[in-house]
Amino acid sequence: LIQLYIPLNFLGVMYRELRQALTDIERMFGLMHEHREIADAADAVALPPGPAGVRFEHVGFAYDARRPILFDVDFDIPAGSTVAVVGQSGSGKSTLARLLYRFYDVQGGAIRIDGHDLRQLTQDSLRAAIGIVPQDTVLFNDTLVYNIQYGRPTASRAEVEAAARAAQLEDFVAQLPEGYDTRVGERGLKLSGGEKQRVAIARALLKDPAILIFDEATSALDSKTEKAIQAQIERAAQGRTALVIAHRLSTVMDADEIIVLDAGRIVERGRHAALLARNGAYAQMWLLQQQEEGDDGAAPAAARPR
Ligand code: ATP
């Protein structure tokens with residue numbers, strides 16, 4: 001019987017491995033190809049590689065026609081610059097990121113990259129041009145190197161390690177018993193929120209996209225991690241067109257433009273100092289965060305009541 005048991009047990013392990021791998025991929029593709037009804041137009045063109053400017057042109061959007069989410073949202077992200085979006089929870093910040101990645105099509109206005117309406121671009125070329133650092137990064141149950149290489153599967157080991165260094169993962173990796181070959185994910189080493197975000201940054205850097213979407217985690221990070229991540233966003237955004245969805249105002253201080261959304265409408269826009277001087281919605285959010293920071297001595301918590 002034992003002779004039978006060993007191969008059967010082995011098959012069981014194999015089956016579980018396979019199931020887990022499939023679940024991971026489903027989860028990832030659940031994120032990446034959420035809305036399959038979006039198809040390429042018959043005459044869709046490929047977005048040429050290279051620097052790209054983004055324009056949200058009087059964008060209107062609703063997930064459900066009975067409840068509009070965005071109203072006449074109009075702003076530019078000139079090639080190579082960084083625009084940050086802030087606002088209360090539910091104001092529509094992450095929706096802007098989903099629309100730029102074309103998970104959904106806009107219902108009013110248009111989103112353009114270098115003048116091309118997204119609906120006239122092939123999805124493959126669009127998605128090749130955009131790197132996302134999501135709020136919550138999904139890690140595969142595999143090695144760290146595999147998880148970073150996912151950003152560009154053809155990358156060499158040396159390129160993966162260079163991206164990890166640029167994302168400041170090096171010290172972390174140096175402490176791991178098997179370095180880059182350490183298994184991570186649900187069944188491997190559990191990474192902290194900050195570490196996972198750095199893996200996501202390394203993935204995005206390896207992809208080397210013209211456009212970077214950074215959807216900042218809502219969960220509070222300690223102030224050291226927060227500062228490190230902030231510096232990394234800046235570095236990763238250098239030379240790219242970046243849309244930063246920010247929950248902590250400290251992240252956006254250096255943005256070329258800050259867009260303040262309120263219930264799907266732009267209510268203020270400008271640079272940090274000018275917005276503070278205006279003494280409006282942004283200045284209020286800033287004050288609130290400073291108070292929270294003072295209260296508990298920790299990193300500024302989320303920019304809005306939860
Ligand atoms: P947070 O700061 O909490 O992340 P946000 O400003 O990013 O919020 P969005 O995620 O853009 O807000 O959501 C805007 C509104 O759209 C919310 O009221 C939300 O309930 C709604 N919404 C988001 N996703 C969907 C969806 N898939 N279907 C229907 N409604 C949705």
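Visitor: Why is asparagine 279 called exposed?
Guide: Asparagine 279 has 10 other C-beta atoms within 10 Å. A residue counts as exposed with 12 or fewer such atoms, buried with 20 or more, and partly exposed in between, C-beta atoms being placed from the backbone, so asparagine 279 is exposed. This is a predicted model, where local features need pLDDT of at least 70 and side-chain atom pairs count only at pLDDT 80 or more, while totals for chains, interfaces and linings use all residues. Residues are numbered from 1 along each chain as its sequence is written.

Visitor: Where is asparagine 279 found?
Guide: Look in the loop between helix H9 (272-278) and helix H10 (281-296). Helices (H or I, at least four residues) and strands (E, at least two) are DSSP runs, numbered from the N terminus. The phi of asparagine 279 is positive, near 60°, in a residue other than glycine.

Visitor: What makes aspartate 114 count as partly exposed?
Guide: Aspartate 114 has 17 C-beta neighbours inside 10 Å, so it falls in the partly exposed class. Its place is the loop between S4 and S5, and aspartate 114 has a positive phi of about 45° although it is not a glycine.

Visitor: And aspartate 43, buried or exposed?
Guide: With 6 other C-beta atoms within 10 Å, aspartate 43 is exposed. You will find aspartate 43 in the loop between helix H1 (2-32) and S1. The C-alpha atoms of aspartate 43 and threonine 122 are 8.9 Å apart, although 79 residues separate the two along the chain.

Visitor: Which residues are closest to the ligand?
Guide: They are Tyr63, Ser89, Lys93, Ser94 and Thr95, out of 13 residues that surround the ligand. Strand S1 (54-64) and helix H2 (93-100) are the elements that give two or more residues to this shell. H2 gives the most, with three residues. To be near, a residue needs its C-beta atom, placed from the backbone, within 6 Å.

Visitor: Which residues have the most contacts inside the largest nonpolar core?
Guide: Ala202, Leu243 and Val244 do, in a core of 68 residues. Helix H7 (residues 193-207) gives the most to this core, with seven residues. Such a core is a set of buried Ala, Val, Leu, Ile, Met, Phe, Trp, Tyr and Cys residues joined through C-beta atoms within 7 Å.

Visitor: What does leucine 243 touch?
Guide: Not counting residues up to four places away in sequence, leucine 243 touches Ile77, Val83, Leu96, Ala97, Leu100 and Ile213. Contact here requires C-beta atoms, placed from the backbone, within 7 Å.

Notes:
Contact = placed C-beta atoms within 7 Å.
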